[in-house]
Amino acid sequence: MKAFAELYLRLDATTSSNAKLEALRDYFAAAPAEDAAWAVYFLAGGRPRQLVPTRVLRELATALAGLPDWLFEESYQAVGDLAETISLLLPQAFHASEDGLAHWVEAHLLPLRGLPPEEIQRRLPPLWAQLDRPSLMLCLKLITGSFRVGVSKLLVTRALAQLAGLDAKRVAQRLVGYTDIGHRPTAASYHRLIAEESSDEHSQRGGQPYPFFLAHALQAPPEQFEALLGPPADWLIEWKWDGIRAQVVKRDGQLWIWSRGEELVTERFPELHSLAESLPDGTVLDGEILVWKPGVDAGVPAVQPFAVLQQRIGRKTLGKKLLADAPVVLQAYDLLEWQGEDWRSRPQHERRQQLQRLLAEHPLAPLLLSPLLEGNDWGELARQREQSRNLGVEGLMLKQRDALYGVGRTKDMGLWWKWKIDPFSVDAVLIYAQRGHGRRASLYSDYTFAVWNAPAGTPDRALVPFAKAYSGLSDEEMRKVDAIIRKTTVETFGPVRSVTPTLVFELGFEGIALSKRHKSGIAVRFPRMLRWRLDKPVDEADDLASLQALLV
Amino acid sequence: MDLVIARPEGLYCPPGDFYIDPWRPVERAVITHGHGDHARTGNQHYLTAAPGAGILRSRLGQGIDLQTLPYGERIQHHGVTLSLHPAGHVLGSAQVRLEYQGEVWVASGDYKVEPDGTCAAFEPVRCHTFITESTFGLPIYRWPSQADIFAGINAWWRSNCEQGKASVLFCYAFGKAQRILHGLDPDIGPILVHGAVEPLNRVYREAGVHLPTTRYAGDVPRNDPLLRQALILAPPSAAGSSWMRRFGEYSDAFASGWMLLRGTRRRRGVDRGFVLSDHADWPGLLWAIEQTGAERVMVTHGSVNVLVRYLNEQGLDARAFVTEYGEEDDVTATEPEE
């Protein structure tokens with residue numbers, strides 16, 4: 001545990017990737033395999049299911065610290081992280097435990113799940129008393145599931161690859177599914193990550209998908225595209241679908257569907273199960289799962305809003321009605337494996353051609369081919385992009401004709417750009433604020449925004465909340481807003497403050513839908529602050545009518 | 001009778017007709033210490049502890065009308081007996097003891113209970129009413145030992161030296177910088193300081209505080225290899241300025257009590273945070289309050305509401321005093337000067 005806590009401190013003490021890489025290499029070179037196995041798991045984003053109910057943890061910590069509840073709460077509000085708060089409040093101890101990370105996780109922490117509260121409260125204090133503060137904080141972060149340290153999965157992959165003398169892509173591929181909730185890291189699974197290349201590597205992979213290749217956001221104005229990207233002919237251009245990115249793996253007569261979070265979601269999409277018969281063995285497709293209802297109404301796109309798909313994901317059981325109301329398809333746009341061979345090192349256009357041939361030769365009902373868009377110049381494509389909203393897509397994808405299929409957000413093997421449509425935007429008024437977490441701890445950085453319920457000039461009109469947002473401001477702006485919130489507070493309810501409305505922000509969001517759950521009757525997707533409208537008085541903020549106009 | 005009340009100009013002693021650390025110009029000002037939010041210009045007569053005279057003059061001007069008083073010595077003013085006692089915060093910092101008709105009040109200004117060798121150590125003074133600050137008034141604030149912190153700073157500096165990187169340590173120029181200089185291992189390498197720090201070093205040295213040799217960073221040529229071995233002390237305002245360019249590759253750190261929280265450190269955007277404060281931590285505040293034997297406690301700047309509520313629950317008569325020191329209400333947001 002101490003060695004992992006020291007790694008955490010080293011990683012946390014620098015913003016340099018090279019320094020982090022070095023820290024990771026040093027740790028993995030020295031760590032026993034069973035500890036390294038868990039370290040990879042946590043660093044790559046693995047989280048066991050909640051081990052201890054938060055309430056039990058808080059009560060225990062409050063009692064051990066000898067504090068009244070309200071003072072624990074004040075402390076938590078100032079720190080913004082439960083694990084860190086508790087580590088700062090518990091009596092300090094000298095480090096006494098020689099046990100490694102694996103022993104701590106397997107013998108001490110995992111068995112806590114499901115125990116009665118009294119038993120948890122009996123077991124935890126003697127465990128905590130063996131840890132110095134850094135180790136204690138880490139232990140608590142593992143318990144609360146809030147372990148994060150600014151290391152990307154890619155960086156972990158690179159550290160392991162360098163240590164084992166392997167290609168990073170190979171390690172990345174072996175790492176797929178490693179953090180899946182059903183996987184328990186062991187010394188053996190760690191050894192498999194760093195083992196030498198073997199000839200039967202390919203046949204041993206079962207239903208493993210490939211690491212997803214991700215696109216970068218294109219933010220330049222279209223006039224600069226020619227200079228930045230060359231002619232459109234160098235690119236394969238598609239719509240940017242708004243669904244669930246997925247890989248469909250067909251091997252050995254069996255079908256696996258993986259989401260971008262490397263979660264196995266096969267059971268969630270029975271419509272696609274027929275692909276187990278229709279796709280040839282040794283095929284891996286990359287595409288987007290969408291709710292698709294063609295021909296309902298002329299002029300209405302077949303693709304349904306993400307919200308419809310989201311409702312379906314939320315259900316425990318998929319009833320007949322649901323399947324009829326919200327049927328899914330896969331819009332396929334890439335072929336990663338064909339006839340059992342890894343095609344990722346072939347250029348984009350070659351993969352595309354084979355994908356087209358595959359779909360032409362096989363009658364594959366739930367499978368569609370994501371169409372290519374044509375344009376003589378970027379201006380023409382920009383005009384097509386204007387149609388995105390009517391067509392139910394998020395903009396365009398530009399894929400370099402010769403791009404290989406990279407790992408994650410890499411740029412060295414070829415490029416994918418996402419050229420999204422500009423977000424919806426309205427000018428909204430900040431009415432509530434709450435303190436943030438992590439870097440924003442103790443700053444009022446999470447805001448609730450409102451619009452007017454009637455046009456300007458209406459007597460007694462009021463502000464109705466419709467969205468929460470916390471991103472988009474610079475640190476300096478956030479500090480200023482924080483100071484204003486403190487000065488204009490009207491009331492405090494727990495961690496939330498209501499303020500005299502003085503602040504107007506241009507709020508951007510990706511989607512908008514009717515909602516019964518919100519007071520305003522409207523729900524927006526991915527709201528964030530685009531800019532602070534210092535020039536706008538509160539009276540001139542938008543009203544509900546301007547939001548409703550966006551619904552059409 | 002209340003010996004101190006809050007007025008728009010500052011904390012006021014009615015029977016003595018003078019102010020303590022006023023934030024608006026007044027005729028008579030007793031100054032607890034030289035930090036900017038406590039010692040302001042424009043007052044007609046100043047009184048401060050003798051060891052703080054140099055600081056006050058260097059900050060407010062040589063021409064101010066300043067009377068000084070050695071720690072512990074009593075003077076009478078309109079029937080009020082006034083004496084100054086070490087607050088352990090920075091050089092010359094003092095608690096103000098007021099006695100009038102058998103009633104004793106102590107206004108602490110800012111204080112730190114742990115001695116540090118750069119100023120007279122905090123001395124508890126018995127009183128009926130104690131006016132306390134509450135900058136770090138939450139139980140999460142418990143300072144690590146100074147020895148550990150200095151060992152950490154030295155290790156960081158040494159490791160940067162080995163990698164050929166300059167070590168830039170941000171800290172407030174008055175108090176914190178001198179405390180760091182006093183505690184460092186000067187054998188690791190050269191110590192350079194920003195222009196804002198050196199004048200204060202001079203005052204400390206003149207007051208007899210031992211500080212290692214420092215050089216003005218501006219005197220070292222840009223590509224001098226010496227820079228890569230050096231520790232540089234600079235005020236936080238230098239971060240991100242063009243002044244920093246001269247150091248080439250460097251690691252940076254910030255020394256402040258606020259660095260105890262991971263979020264605050266990350267917001268600063270520095271590599272390392274060293275938890276070093278001129279203020280009492282939570283146990284320090286409670287200890288100091290207890291030592292005074294006071295039954296009434298007036299709480300100023302910091303976590304006012306928290307400390308007031310906590311002390312009331314402990315059976316004391318605690319109240320809030322609204323001041324313009326530091327930042328009112330919640331802590332850490334703006335990280336007031338320590």
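1. Chain A contains 21 helices and 19 strands, where helices (H or I, at least four residues) and strands (E, at least two) are DSSP runs numbered from the N terminus. This is a predicted model, in which local features need pLDDT of at least 70 and side-chain atom pairs count only at pLDDT 80 or more, while totals for chains, interfaces and linings use all residues. Residues are numbered from 1 along each chain as its sequence is written, and chains are lettered from A and ligands numbered from 1 in the order in which they are written.

2. Along the principal axes, the C-alpha atoms of chain A fill a box of roughly 75 × 70 × 50 Å.

3. Of the 552 residues of chain A, 36% are buried, that is, 20 or more other C-beta atoms, placed from the backbone, lie within 10 Å of the residue's own. Among contacts (C-beta atoms, placed from the backbone, within 7 Å) in chain A with a separation of 6 or more, 71% join residues 24 or more positions apart.

4. Chain B holds an open sheet of 6 strands in the order 1-2-3-4-5-6, with mixed pairing; two strands pair if DSSP finds at least two bridges between them. Its edge strands are strand 1 (5-7) and strand 6 (66-69) of chain B, each pairing on one side only. Strand 4 (residues 28-30) and strand 5 (residues 45-49) of chain B pair in the parallel sense over 3 bridges, and B:Arg28 has B:His45 in strand 5 as its bridge partner.

5. The largest nonpolar core has 211 residues, of which A:Ala39, A:Val40, B:Leu169 and B:Ile232 touch the most other members. Such a core is a set of buried Ala, Val, Leu, Ile, Met, Phe, Trp, Tyr and Cys residues joined through C-beta atoms within 7 Å. Helix 3 (residues 33-43) of chain A gives the most to this core, with 8 residues. A second, separate core of 33 residues includes A:Val429 and A:Phe509.

6. The contact between the chains takes 26 residues from chain A and 19 residues from chain B. On the side of chain A that touches chain B, helix 5 (69-79), helix 6 (82-89) and helix 20 (475-487) of chain A each supply at least two residues.

Definitions and conventions: A residue is buried if 20 or more other C-beta atoms lie within 10 Å of its own, exposed if 12 or fewer, and partly exposed in between; C-beta atoms are placed from the backbone. Two residues are in contact if their C-beta atoms, placed from the backbone, lie within 7 Å.
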